[in-house]
Amino acid sequence: MASDATRGERRISPVFLALVAIMAVSIWAVWTDFSASPGFAVFLFVASGWIVSLCLHEYAHARTALHGGDISIGAKGYLTLNPFKYTHALLSIVLPVIFVIMGGIGLPGGAVFIETHRIRGRWKHSLISAAGPLTNVLFAVVVSAPFWLDALEGVPDNFRYALGFLALLQVTAAILNFLPVPGLDGYGVIEPWLSYKLRRQVEPFAPFGLLAVFGFLWIPEVNHAFFDMINSVLRALGVTEWDTYWGYELFRFWRGTPEIPPLNAVDFG
């Protein structure tokens, strides 16, 4: 099926390459402490890394759909990793970045349009929906690798905190997107297995699922329970609340550079 997309339709977009370049330069700036504002360098690193992960998330959906039978994917530009080719640029890129700024939550938006009538088999439909958040799982494992491999010796503190916060975004994105809420990928996984009547009843609520989840997370009790779960997952990956807290504080560079206590004075127990 991959041959049904031309080479031009599969060529990586200069926009995506520019995002990767920004991420690479900002990694260097954070690592070397080159920037006059360490928080701004962390912001560029985390924001560009987050957008890159969003592009890979949607690419996973598109690529799996192509192999599942939707040969229209290539013509839509989804295989180029260009975020401007997505169905809803606002929901796909702008809104997720706003979510990060407002609450330190990684929540991808809807992006690629799959012509589901071309896909045969419920398992293929489920796999297409699962491919996106599984990409976030993989991204979280890679980003947190220095933590769970105990390979942080010699790593600059600010780079450590930036990695920790980026790992948090990937974990929240994976968990939230796997929720069986209309409009999110978790619902897409189970939808093929639901009755036609139930699917028709749920369909009108799909456009509001993303905002509903974000609204519930503003409820203090829900927010605390959610982040307790997230922190448990991160601890299993070796990432501490100290790492994610200071990563988020640095990310919000417009609030000024935070006074971070020396890492060697911290007892992680």
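These are legends for several close-up views of a predicted model.

The model is predicted, so local features are taken at pLDDT of at least 70 and side-chain atom pairs at pLDDT 80 or more, while totals for chains, interfaces and linings use all residues. Residues are numbered from 1 along each chain as its sequence is written, and side-chain values use heavy atoms, with hydrogens and water left out.

**View 1**
Helix H2 runs over residues 14–32; helices here are DSSP runs (H or I, at least four residues), and strands (E) need at least two, all numbered from the N terminus. Look for Phe16, Leu19, Met23, Ser26, Ala29 and Val30, which are buried in H2. They cover an arc of only 140 degrees around the axis, which puts them on the same side of H2; the arc is taken from the directions from the helix axis to the C-beta atoms. Buried stands for under 20% relative accessible area, exposed for over 50%, and partly exposed for anything in between (1.4 Å probe, protein chains only). An α-helix has 3.6 residues a turn, so residues three or four places apart point the same way. The buried residues of H2 pack against H3 and helix H7 (157–177), with contact meaning heavy atoms within 4.5 Å. Turned away from that buried side, the other face carries the exposed residues Pro14 and Val25.

**View 2. The two ends of H2.**
At the N-terminal end, Ser13 does the capping, with a side-chain oxygen 3.0 Å from the backbone nitrogen of Val15. Such a polar contact is a pair of N or O atoms within 3.5 Å; within protein, one must be able to donate a hydrogen and the other to accept it, and residues adjacent in sequence count only if both atoms are side-chain atoms. Just after H2 comes Asp33, with a positive phi of about 60 degrees. Asp33 sits in the loop between H2 and H3 and is partly exposed, at a relative accessible area of 49%.

**View 3. Asp150, another positive phi.**
Most residues other than glycine have a negative phi. Asp150 is not a glycine, yet its phi is positive, at about 55 degrees. You'll find Asp150 in the loop between helix H6 (145–148) and H7, where it counts as exposed at 71% relative accessibility.

**View 4. The salt bridge between Arg118 and Asp70.**
The side chains of Arg118 and Asp70 meet in a salt bridge at 3.7 Å, N to O. Arg118 lies in the loop between H4 and helix H5 (122–143) and Asp70 in the loop between H3 and H4, so the pair ties together parts 48 residues apart in sequence. To qualify, a side-chain nitrogen of Lys or Arg must come within 4 Å of a carboxyl oxygen of Asp or Glu. Arg118 is partly exposed, with a relative accessible area of 32%, whereas Asp70 is buried at 0%. Both belong to a network of salt bridges that also links Lys76 and Glu115. The structure holds seven salt bridges.

**View 5. Two other salt bridges.**
Glu249 and Arg252 join their side chains at 2.6 Å, N to O. Glu249 is buried, with a relative accessible area of 14%, and Arg252 is buried with a value of 14%. Glu203 and Arg200 meet at 4.0 Å, N to O, and there Arg200 is partly exposed at 49%.

**View 6. Aromatic pairs.**
The count comes to 15 aromatic pairs. Rings of Phe, Tyr and Trp (its six-membered ring) pair if their centres lie within 6.5 Å; planes under 30 degrees apart are stacked, over 60 edge-to-face, and the rest tilted. Trp31 and Phe159 have ring centres 5.0 Å apart and planes at 70 degrees, so the pair is edge-to-face. This pair links distant parts of the chain, with Trp31 in helix H2 and Phe159 in helix H7, 128 residues apart. Trp31 counts as partly exposed at 42% relative accessibility, while Phe159 is buried at 10%. Tyr245 and Trp246 are also edge-to-face, with centres 4.9 Å apart and planes at 80 degrees. Elsewhere, ring pairs link Phe40, Phe43, Phe165, Tyr248, Phe251, Phe253 and Trp254 into a cluster.

Terms used: Expected span 1.5 Å × (residues − 1).
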